Amino acid sequence: MDKVILAMISFAFVGAVTPGPVNLLAISTSLNYGKKAAFWHVTGASLTYALVVFCSGSMMQSILTVLPRLELTMKLCGSLFLCYLVYKIGFAPYSSVRSSSSVQSGFRTGSLTQLLSPKAWMVAMSGVSLYVIDQGNETILLSLFTCISLIICFICVGLWAMIGRLFSAYLENPVRQRQFNRIMAGVLFASVVMIW
């Protein structure tokens, strides 16, 4: 069982720490709206990812039969939502990084981005198929994998948010902040293109 737990942790870490829409938005949220909004973004993304993992495991057989029909719809909805976020980031007005008086809730954005992210669903389904399905006590393994995924996702997305805070002094300049936002929007748009 220890080897299975270690494998789950390693898999969850790689899935959560690699660049993706949620992580890029964690940087942007932290930078533009401060620690509080970034915390809610990380929390929303992490709780939603745990839900995605749990749903993937609970309904894996149904998803596998329906997936070919759902894949295009998921990709389209996810891509449209991410393009909307690309626009919002790319054309965000300058705001002082040090003042977070107009903090926007990052929970909803973190949750929706994770829910609509094909990366989240593919990583979750891959992990469930590796560590839960046909491994014996599926209920216990799914609960364990869901908890591990929640904790690791919170840590990894939180690290991306902290990177945003580290850039805050440098990006206090309006020109640099706009350039940074446009670069982040470009990277996010590239991740949308790569989905297709």
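I began with tyrosine 131, which counts as buried because its relative accessibility is 16%, below the 20% cut-off for that class. I note at the outset that this is a predicted model, so every entry here describes a prediction.

**Aromatic pairs**

I then searched the whole structure for aromatic pairs and found seven of them. In one of these, the rings of phenylalanine 11 and tyrosine 131 have their centres 5.6 Å apart and their planes at 70 degrees, and I therefore recorded the pair as edge-to-face, since an angle over 60 degrees falls in that class. I looked up where the two partners sit: phenylalanine 11 belongs to helix H1 (residues 2-17) and tyrosine 131 to helix H5 (residues 118-131), so that the pair links distant parts of the chain, 120 residues apart.

I turned next to phenylalanine 39 and tryptophan 40, whose ring centres are 5.2 Å apart and whose planes stand at 75 degrees, so this pair is edge-to-face. Phenylalanine 39 counts as partly exposed at 41% relative accessibility, and tryptophan 40 is partly exposed with a relative accessible area of 38%.

**Helix H1**

Which residues of H1 are buried? I listed Met8, Ala12, Gly15 and Ala16 as the buried residues of H1. Looking down the axis of H1, I saw that these buried residues fall within an arc of 90 degrees, and so they line one face of the helix. In general, an α-helix has 3.6 residues a turn, so residues three or four places apart point the same way. The face of H1 turned away from its buried side carries the exposed residues Asp2, Lys3 and Leu6. I also checked what covers the buried residues of H1, and the cover includes helix H2 (21-58), H5 and helix H6 (138-166).

As a check on the length of H1, I took its 16 residues at 1.5 Å a residue, which should span 22 Å, and the end C-alpha atoms are 22 Å apart, which agrees.

**The whole chain**

I counted seven helices and zero strands in the protein chain. Of the 196 residues in the protein chain, 45% are buried. Among contacts between residues at least 6 apart in sequence, I noted that 88% join residues at least 24 apart. Finally, I recorded that the protein chain exposes about 10300 Å², of which carbon and sulfur atoms supply 71%.

Terms used. Residues are numbered from 1 along each chain as its sequence is written. This is a predicted model: local features need pLDDT of at least 70, side-chain atom pairs count only at pLDDT 80 or more; totals for chains, interfaces and linings use all residues. Side-chain values use heavy atoms; hydrogens and water are left out. Rings of Phe, Tyr and Trp (its six-membered ring) pair if their centres lie within 6.5 Å; planes under 30 degrees apart count as stacked, over 60 as edge-to-face and the rest as tilted. Helices (H or I, at least four residues) and strands (E, at least two) are DSSP runs, numbered from the N terminus. Buried means under 20% relative accessible area, exposed over 50%, partly exposed in between (1.4 Å probe, protein chains only). The expected span of a helix is 1.5 Å times one less than its number of residues. The arc is that of the directions from the helix axis to the C-beta atoms. Contact means heavy atoms within 4.5 Å. Accessible areas come from the Shrake-Rupley method with a 1.4 Å probe; for residues, only the protein chains shown count as cover.
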